[in-house]
Amino acid sequence: MPQYIGKKLDLLMKLTGTKNNTLARALNFDSSHISRIRSGERGMPQHRSFVEPAAAFFARQIREDYQIRAAAEAICPGRPWPEKEQDRAALIAQWLEGAEELGAYFREAETEHTGPGPGVALVNSSLYFGNEGRRRAVLRFLERIAQEQSAPEMLLYSDEKMDWLLEDPAFTERWRALMMAFLKRGGRISIIHNIGRDLDEMMGALQKWLPLYLLGDIQPWFCPRLRDQIFGETRFVARGCAVIRSDSVLGNTQDSCIFYSEEAALVGANEMLFSDLLQICRPLLRTCRGESRAHLCAELQWLMNEPGDGLAVVS
């Protein structure tokens, strides 16, 4: 029985963002059984085939450039990654059944940090670049959330330019479909809006967001402390699931680097940072969907009591 089956399976699942229950459904296994194999408590099942269907599953899932590079480094170092899916599946199956341990790169990633101060080696993380990379990162973020049995709360903040969201109609439609599916599952979104955007950008974003506000549980906020117009930042967090971070200068998102990670420590740290940011934010609007007249009047009264100019629209 292969000695490293648990570590190899764990690596493939982290690389492809696959949860225990997702692989269990795909292979018709019990989720707890997958968990025990992954942790090393159990070896490969003897009563029926596991390696071949698992290899076929991961051969389909490994398709991004970063995944291919990492898989090749671990499974066939020094050799090209097979182009045909059946060849990839055969290679993965052979590797899973083999007695060799993980490649040197992944052994180093698992070692304890020995530099000054505490640290964590990041394995299930990726870098993307430019607006196209940002769109790919966001789709990966939303598709990763869709794998969860219960929808995790999204925490969204960005004061960067929104061209990446609007300039590709196919992406915008896919983004909207995933967001609507998330809200229909009962997902909740806390979003901090940037009220310092120019009018055209705000109206474009409003057009995309308004149907979502009418559909689900979205809590919008704004920060009254305006930042400078030099640096921009994006922070998207799905609680306990994934995080996206990026920075830009003078609104130039095309030259920016986008960091995506599913590392639990990093996701948790960004959840706390978002909570700290909310402490200096204020509610932006409230949406009433079919509530009683008394409830609507109470909401309007709350709005009128808030300091500053406001506009109430009743439809």
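Me: Why does Phe50 count as buried?

Reply: Phe50 has a relative accessibility of 3%, and buried means under 20% relative accessible area (exposed is over 50%, partly exposed in between; 1.4 Å probe, protein chains only). Phe50 is therefore classed as buried. The structure is a predicted model, in which local features need pLDDT of at least 70 and side-chain atom pairs count only at pLDDT 80 or more, while totals for chains, interfaces and linings use all residues. Residues are numbered from 1 along each chain as its sequence is written, and side-chain values use heavy atoms, with hydrogens and water left out.

Me: What makes Phe29 buried?

Reply: The relative accessible area of Phe29 is 9%, which is under the limit of 20%, so the residue is buried.

Me: How many aromatic pairs does a search of the whole structure find, and why is the pair of Phe29 and Phe50 called edge-to-face?

Reply: The search finds three aromatic pairs. In one of them, the centres of Phe29 and Phe50 are 5.4 Å apart, with 85° between the planes. Rings of Phe, Tyr and Trp (its six-membered ring) pair if their centres lie within 6.5 Å; planes under 30 degrees apart count as stacked, over 60 as edge-to-face and the rest as tilted. The angle is over 60 degrees, so this pair is edge-to-face.

Me: Which parts of the chain does this pair link?

Reply: Phe29 belongs to the loop between helix 2 (20-27) and helix 3 (31-39), and Phe50 to the loop between helix 3 and helix 4 (51-61). The two residues are 21 residues apart, and the pair links distant parts of the chain. Helices (H or I, at least four residues) and strands (E, at least two) are DSSP runs, numbered from the N terminus.

Me: What makes the pair of Trp164 and Phe171 tilted?

Reply: Trp164 and Phe171 lie 5.9 Å centre to centre, with 55° between the planes.
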